[in-house]
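Here are a few notes to read alongside the model. Have the structure open and follow the points in order.

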Amino acid sequence: MMTVHLARSTQLTRSTVPAMAQEAAVPGQILGAESFRASMSKLTTGVVLVTALIDDRPWGVTLSSVSSFSADPARLSLSVTHRSALGQHLSRHHAAFGVSILTDKLAPLAQQLATPGKPKFIPAPYLAEDGPTTPPTIQGAMDNLHCRVAHVVQALDHILVIADVVASVVGSEVAHARPLAYFDRSFGSFAPSTTEGDQQQ
């Protein structure tokens, strides 16, 4: 059994929609946006930074909508708004980008790069030392994946990106790190639970 411990100190802006959360299903209708957001906020996810060079500077966006697509070939999928700077970059076939799987110690960076309307340039102290052709990656991340766009699908105001994973660089402190998690519009840390049943095994 696993448990997610949430650190409310890095809480994002919260909206309370108790009435909408009880919105009844009506045949032929689609659930309202706020009700859907309220429901999906209960889905605990990992947190990554998707990084690229934008205007020749390291750019990063905090996402929880990244998942494994296939193991052979190694591919992942993600979704971003089409008109964003990152979306425009990823719309190019074979575009290079990075996916950094974050630890709970990187919550302040995740918070900073998740804020709408703010520049997403990555502060230099967070950057790992990479080669000239490598997309920006994050120092202290659980893992840094180097990716290349394989397919792009336009869907409303978003694009769905399927990308080849060409390299993986595991963090040096991964054995002692706790992954960053996102639940109910808050960042927190993930740790295995220590129930009595687990301890007896």
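**Strands first, then rings and surface**

1. Find L78, which stands opposite V161 in β9. Keep in mind that this is a predicted model. The strands behind that contact are β6 (residues 74-81) and β9 (residues 158-170), which run antiparallel and are joined by seven bridges.

2. β9 also pairs with β8, again in the antiparallel sense, over twelve bridges. One place to look is D143, whose bridge partner in β9 is V170. The hairpin of β8 and β9 has two residues between the strands, and L156 there takes a positive phi near 55°.

3. Now for the aromatics: a search of the whole structure finds one aromatic pair. W59 and F121 form it, edge-to-face, with 4.8 Å centre to centre and 90° between the planes. The two are 62 residues apart, so to speak from distant parts of the chain: W59 sits in strand β4 (residues 57-63), and F121 in the loop between α4 (107-112) and β8 (143-155).

4. F121, at 24%, is partly exposed. F121 has another neighbour too: R57 lies over its face, at 3.7 Å from the ring centre.

5. Last, look at the surface. I30, L31 and F36 make a nonpolar patch of about 350 Å². I30 is in the loop between α1 (18-21) and α2 (33-40), and its relative accessible area of 80% makes it exposed.

Technical notes:
Residues numbered from 1 in each chain as written. Predicted model: local features only at pLDDT ≥ 70, side-chain atom pairs only at ≥ 80, totals over all residues. Heavy atoms only, no water. Patch = residues over 30% accessible without salt bridge, like charges linked within 9 Å, V, L, I, M, F, W, Y side chains within 5 Å. Areas by Shrake-Rupley, 256 points an atom, 1.4 Å probe, with all protein chains shown as cover. Salt bridge = Lys/Arg side-chain N within 4 Å of Asp/Glu carboxyl O. Helix = DSSP H or I, 4+ residues; strand = E, 2+ residues; numbered from the N terminus. Buried < 20%, exposed > 50% of the residue type's maximum accessible area, 1.4 Å probe, protein only. Phe/Tyr/Trp six-rings, centres within 6.5 Å; stacked < 30°, edge-to-face > 60°. Lys NZ or Arg CZ within 6 Å of the ring centre and 35° of its normal. Pairing = 2+ DSSP bridges.
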